[in-house]
Amino acid sequence: MKVYIDDTICKGCGICIYYCPKNVIRFSSVQNRKGFTTAEVYKIENCSGCKLCEIGCPDFAIYVIKEATQTIVAKE
Ligand code: SF4
Ligand code: SF4
């Protein structure tokens, strides 16, 4: 699972942090160029892929990618 936050778009509203049931996201300790304290991913290992963060973000600044599972091909 990967969660990306575009900190050039994020305005630090905190909705994704509030929505995330797994505490994957928190506020960053730095500000972006617009002066917003943005969200950042810090416990990606807890992510369930529910996409509540992505759905809730009003600015489309966060998105979730489920990594492809490895395909094992049996040889004859
Ligand atoms: S996909 Fe779900 S668990 Fe993962 S960061 Fe977003 S809200 Fe949290
Ligand atoms: S909901 Fe979107 S704009 Fe708000 S803090 Fe999260 S990523 Fe940033």
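Ligand 1 is surrounded by 14 residues, of which Cys20, Val24, Cys47, Cys50 and Cys53 are the closest; a residue is taken as near a molecule if its C-beta atom, placed from the backbone, lies within 6 Å of it. This shell consists of 10 nonpolar, 2 polar and 2 charged residues, where Ala, Val, Leu, Ile, Met, Phe, Trp, Tyr, Cys and Pro count as nonpolar, Asp, Glu, Lys and Arg as charged, and the others, Gly among them, as polar. The structure is a predicted model, in which local features need pLDDT of at least 70, side-chain atom pairs count only at pLDDT 80 or more, and totals for chains, interfaces and linings use all residues. Residues are numbered from 1 along each chain as its sequence is written, while chains are lettered from A and ligands numbered from 1 in the order in which they are written.

Around ligand 2 there are 15 residues, with Cys10, Cys13, Ile15, Cys16 and Cys57 nearest. Helix 1 (15-19) and strand 3 (37-41) are the elements that each give two or more residues to this shell; helices (H or I, at least four residues) and strands (E, at least two) are DSSP runs, numbered from the N terminus. By class, the shell of ligand 2 holds 9 nonpolar, 4 polar and 2 charged residues.

Asp6 is located in the loop between strand 1 (2-5) and helix 1. Asp6 is classed as partly exposed because it has 14 C-beta neighbours inside 10 Å, the limits being 20 or more other C-beta atoms within 10 Å for buried and 12 or fewer for exposed, with partly exposed in between. The C-alpha atoms of Asp6 and Tyr63 are 8.8 Å apart, although 57 residues separate the two in sequence.
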